[in-house]
Amino acid sequence: MRLVHVGVACLNQLPLAWDRNLANIRDAIAAARAAGVTLLCLPELAITGYGCEDTFFMGDVQDRAFAALDDIAPMTRGMVVCVGLPVYHEKALYNCAAMLVDGELAGFAAKQFLAGDGIHYEPRWFKPYPAGDLDMLERGARRYPIGDVMFDVGGVRIGFEICEDAWVANRPGVQLALRGADVMCNPSASHFAFGKFAVRQRFIVEGSRAFGVAYLYANHLGNEAGRVIYDGGGMIASGGELLARGRRFSFHEVDLATAVVDIDANRREQARRGSHRPRHDAAAEELIVEHAFTWPVIAPTAPRAIAPSWEDAPQPQLRHEETSRALAIGMWDYLRKSGAQGYVVSMSGGADSAACAVFVALAVTCALHELSPGGVIAALPRVHAVHEAIERGGDAKAVIGALLACAYQPTENSGAVTREAAERVSRAIGAQFSVIDVTAQHRAYIAATEQAIGRALDWQRDDITLQNIQARVRAPSIWMLANVRGAVLITTSNRSEAAVGYATMDGDTSGGLAPIGGIDKPYLREWLRWMEATGPAWHGPIAALSAINAQQPTAELRPAAYAQTDEADLMPYDLLEAIEDSAIRDKHAPLEVLQELAPRFVQYSAPQLATWIERFFKLWCRNQWKRERIAPSFHLDDRNLDPRSWCRFPILSGGFDRELAEMRAYVASL
């Protein structure tokens, strides 16, 4: 029986933050050593950070990464540690995992399959390393193997699948298993998306069974570079069984999971399988690099059961929990890594701004719960208002009040219902609340414009103009409040509004971060109802949200007599989302969208559906320029509309004119 104590550490890194990243790596190695771990896997590109973008091409970045590797090597004495970094070799840049054995660099395994879809753009910077290739990298007087290499470390063979490598059909693990791999390390930067964790866990556990290995998976953690949230969740599986699972969405810089794996048990299981056909050719042996190492003897222990957690909850509870935790850590990391003093929200009394404010409250509450008050002070060293609130013995609401200011900005078209709702929610979560009445500015702009054009503005002729000026007149004062506080102004636009441009540019789109820009309106309202009644276990419900949930969504920009609602302006929100999914996510033409949705929405006639579908396509094409300008949002799933990271569309286009005409002709023929 050959037992090895292995570990995986998920790290909360920051691109190009050399000292911070090195400190996290040092802490991870120290924690692993203290836990008795001998083999430790760290995340992909952990030294530089994953999201360095075009700075990967800077020679200085590569030099500093190697200098950090030199600093890390002595920390690994008596251990085997793999850590990710970019490596320049033969006029190409490769995404590599460095293997450190007992304080020395043994070589580099290079990534073979690059993530180049959706939010990932790896082929812009890196080259895929050819399978079956091994070369030597010269560094000073030393030469190190690089490529499709497996390391035989003291008789234990260790191979690599680096993130995307494991997501493809022809994954490198197949050949590594045939070459006799005992352990598969997967240093990853796998972003969070709804439902993705279950898929990830399946390929890790199944990989350990099919390849007959111990499988070590280490991921990034937190909001690393701005848009992308990593959920951590390191895992260790062996022989088809999940042995250990780290926490997801942890607020700590390092999250370590460990287990003891039986190398000989996996070997025996492979030997029993008739399907296993190991490679014995010379080419396979050339890809194996031997390195001396003495593995410590470990006494057998009973395996630890994986404790049940919120991740085992059924849908939709699981999705609500993931939403809460993903947005909480996303906003917490954005705050502390940007160096801002807090957040500011223009509270309209509606669902979108209320949700944004609640996400800030969840971030603070979760940080206090996980890090303790002292940890929060350490995480926000320059936010003195937070220090003062905690030193006064303040509770979570006091800390939220130090970080979040909400302002209601009425004009004469604003109503008492939305004002009361905005104040109730703000005070319930502990935010500072104020009213900044912009009626005078609103009237002044109208008067000045009427004088300039030589006529009065009226709602029949100038509807959009009169609506937009109310939204835009709020921007200067809310930006001023954010500037005074040194805070990030939150953009409150949701994904449904972005799809059809139902937002005023430089009005309600003002801000530096759009946390709900990837969430559709129907789901956001469902989540708010859950927050009112239940909420996450570490926070509980917010009863004051009843004032939001009881309302119909409205921009509240026309006079009260118009009884304005969003759905009257656009279409039913559930239908809007169905059209968006079919047209944008699934890339269907207008007629195909109609034919797909007609059986699902039988309550609407074909002409009515066609009218709404045409409205969607026209608004979608007309408003691409808005989507290009809306503040960065968090990526949450494959329905994201952010053109800078996921969904690209031309600003100028033919507008689907011919396609819409075909749909109209089809409806007329029914």
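Reader: Is I429 buried or exposed?
Author: This is a predicted model. Buried means under 20% relative accessible area. I429 has a relative accessibility of 4%, so I429 counts as buried.

Reader: Which residues does I429 touch, leaving out those up to four places away in sequence?
Author: I429 belongs to helix 11, residues 416–429. A contact needs heavy atoms within 4.5 Å. With residues up to four places away left out, I429 touches A357, V358, A361, K397, I400, L404 and I542.

Reader: How far apart in space are I429 and A583?
Author: In sequence, 154 residues separate I429 and A583. In space, C-alpha to C-alpha, the two are apart by 38 Å.

Reader: What about the whole chain? How many helices and strands are there?
Author: Both kinds of element occur in the chain. The count is 23 helices and 21 strands.

Reader: Why is the chain called as compact as a globular protein of that length?
Author: The globule rule gives 26 Å for 670 residues. The radius of gyration of the chain is close to that value, so the chain is as compact as a globular protein of that length. Along the principal axes, the C-alpha atoms fill a box of roughly 85 × 70 × 45 Å. The radius of gyration itself is 28 Å.

Reader: What share of the residues counts as buried?
Author: The chain exposes about 26300 Å², and carbon and sulfur atoms supply 53% of that area. The cut-off for a buried residue is under 20% relative accessible area. Of the 670 residues, the buried share is 59%.

Reader: Take contacts between residues at least 6 apart in sequence. What share joins residues at least 24 apart?
Author: A contact here is a pair with heavy atoms within 4.5 Å. Among contacts between residues at least 6 apart, those joining residues at least 24 apart make up 72%.

Reader: How far apart are the centres of the positive and negative side chains?
Author: The chain carries 66 positive and 79 negative side chains. The centres of these two sets are separated by 1 Å.

Reader: On to the rings. Which geometry do Y121 and W125 have?
Author: The structure holds 24 aromatic pairs. In the pair of Y121 and W125, the ring centres are 6.0 Å apart and the planes are at 65°. Planes over 60 degrees apart count as edge-to-face. So the pair of Y121 and W125 is edge-to-face.

Reader: Which residues do ring pairs link with W310 into a cluster?
Author: Rings pair if their centres lie within 6.5 Å. Such pairs join W310 into a cluster with F192, F194, F249 and Y523.

Reader: Where is R279, and what does it touch?
Author: R279 sits in the loop between helix 5 (263–272) and helix 6 (282–286). R279 counts as partly exposed at 26% relative accessibility. Its C-alpha is separated by 9.1 Å from that of A177, 102 residues apart along the chain. Not counting residues up to four places away in sequence, R279 touches Q175, L178, R179 and A284.

Reader: And P632? Which residues is it in contact with, neighbours within four places aside?
Author: P632 lies in the loop between helix 22 (624–629) and helix 23 (657–669). Its relative accessible area is 25%, so P632 is partly exposed. Neighbours within four places aside, the contacts of P632 are R227, G512, L513, A514 and R644.

Reader: Now backbone checks. Is the peptide bond from Q315 to P316 cis or trans?
Author: P316 lies in the loop between strand 17 (288–291) and helix 7 (317–338). Omega for the bond from Q315 to P316 is near 0°. That peptide bond is cis.

Reader: What is the phi of E90?
Author: E90 is in the loop between strand 3 (80–89) and strand 4 (92–101). At 60% relative accessibility, E90 counts as exposed. E90 is not a glycine, yet its phi is positive, at about 50°.

Reader: What is the phi of D506?
Author: D506 lies in the loop between helix 15 (495–500) and helix 16 (521–533). D506 counts as partly exposed, at 39% relative accessibility. D506 is not a glycine, and its positive phi is about 70°.

Key. Residues numbered from 1 in each chain as written. Predicted model: local features only at pLDDT ≥ 70, side-chain atom pairs only at ≥ 80, totals over all residues. Heavy atoms only, no water. Helix = DSSP H or I, 4+ residues; strand = E, 2+ residues; numbered from the N terminus. Rg over C-alpha atoms; globule rule 2.2 N^0.38 Å. Buried < 20%, exposed > 50% of the residue type's maximum accessible area, 1.4 Å probe, protein only. Areas by Shrake-Rupley, 256 points an atom, 1.4 Å probe, with all protein chains shown as cover. Lys, Arg positive; Asp, Glu negative; His and termini not counted. Charge placed at Lys NZ, Arg CZ, Asp CG, Glu CD. Phe/Tyr/Trp six-rings, centres within 6.5 Å; stacked < 30°, edge-to-face > 60°.
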